[in-house]
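Please look through the sequence and the structure below before reading on.

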Amino acid sequence: VQLQASGGGLVQAGGSLRLSCAASGRTFSEDVMGWFRQAPGKEREFVSAISRSSGTTNYADSVKGRFAISRDNAKNTVYLQMNSLKPEDTAVYYCAAATGWGRVTQLYDYWGQGTQVTVSS
């Protein structure tokens with residue numbers, strides 16, 4: 001399976017970005033999809049996840065109310081809309097696919113290459 005993340009960039013604090021992750025090589029609708037991020041010198045952390053049918057979503061407390069995850073199974077794509085961005089959101093953002101539901105990195109079997117998000121103050 002291949003996951004290709006895109007949409008990162010440099011944005012001022014308070015701005016918005018929309019990340020996309022296109023999947024191929026698997027039946028996309030069978031996978032739970034998640035977004036994680038890793039800042040320099042820190043461990044990779046959970047950001048958000050969405051269930052196969054989009055019926056259930058989950059967010060880290062640090063992004064709740066500012067970020068929104070969605071998916072389009074017809075396009076094999078998952079999105080992360082990021083609003084009210086803060087400098088502490090600066091990180092490499094990764095999309096990932098899992099067969100089970102959860103927030104821990106070990107549950108996710110497939111990972112994209114990451115896209116850099118930089119928020120300036």
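Predicted model: local features only at pLDDT ≥ 70, side-chain atom pairs only at ≥ 80, totals over all residues.

**Charged pairs, strands and core**

Lys-64 and Asp-61 form a salt bridge in which the closest N and O atoms are 3.2 Å apart, and Asp-61 counts as exposed because its relative accessibility is 64%. In general, side chains of opposite charge can pair when their charged atoms come close.

A second pair joins Arg-26 to Asp-31, with the closest N and O atoms 2.7 Å apart. Here Arg-26 is partly exposed, since its relative accessible area is 28%, whereas Asp-31 counts as buried because its relative accessibility is 3%, and buried means under 20%.

Asp-89 and Arg-37 form another salt bridge, with 2.9 Å between the closest N and O atoms. Asp-89 sits in the loop between β8 and β9 while Arg-37 belongs to strand β4, so this pair ties together parts that are 52 residues apart in sequence. Both Asp-89 and Arg-37 are buried, and salt bridges with shared partners join Arg-37, Glu-45, Arg-66 and Asp-89 into one network.

Turning to the chain as a whole, its secondary structure consists of 11 strands and zero helices. The radius of gyration is 13 Å, which agrees with the value near 14 Å that a compact globule of 121 residues would have. Of the contacts between residues at least 6 apart in sequence, 58% join residues that are at least 24 apart.

Strands β7 and β8 pair in the antiparallel sense over six bridges, and Arg-71 has Val-78 in β8 as its bridge partner. Four residues lie between the two strands of this hairpin, where Asn-76 takes a positive phi near 55°.

In a regular strand the side chains alternate between the two faces of the sheet.

Which residues have the most contacts inside the largest nonpolar core? They are Trp-35, Phe-67, Val-78, Leu-80, Met-82 and Tyr-93, in a core of 35 residues. Several strands each supply at least two residues of this core, among them β4, β7, β8 and β9, and β9 gives the most, with six residues. In soluble globular proteins, nonpolar side chains tend to be buried together. Over the chain, buried residues make up 43% of the 121 residues.

Definitions and conventions. Residues numbered from 1 in each chain as written. Heavy atoms only, no water. Core = buried A, V, L, I, M, F, W, Y, C linked by side-chain atoms within 4.5 Å. Buried < 20%, exposed > 50% of the residue type's maximum accessible area, 1.4 Å probe, protein only. Pairing = 2+ DSSP bridges. Rg over C-alpha atoms; globule rule 2.2 N^0.38 Å. Contact = heavy atoms within 4.5 Å. Salt bridge = Lys/Arg side-chain N within 4 Å of Asp/Glu carboxyl O.
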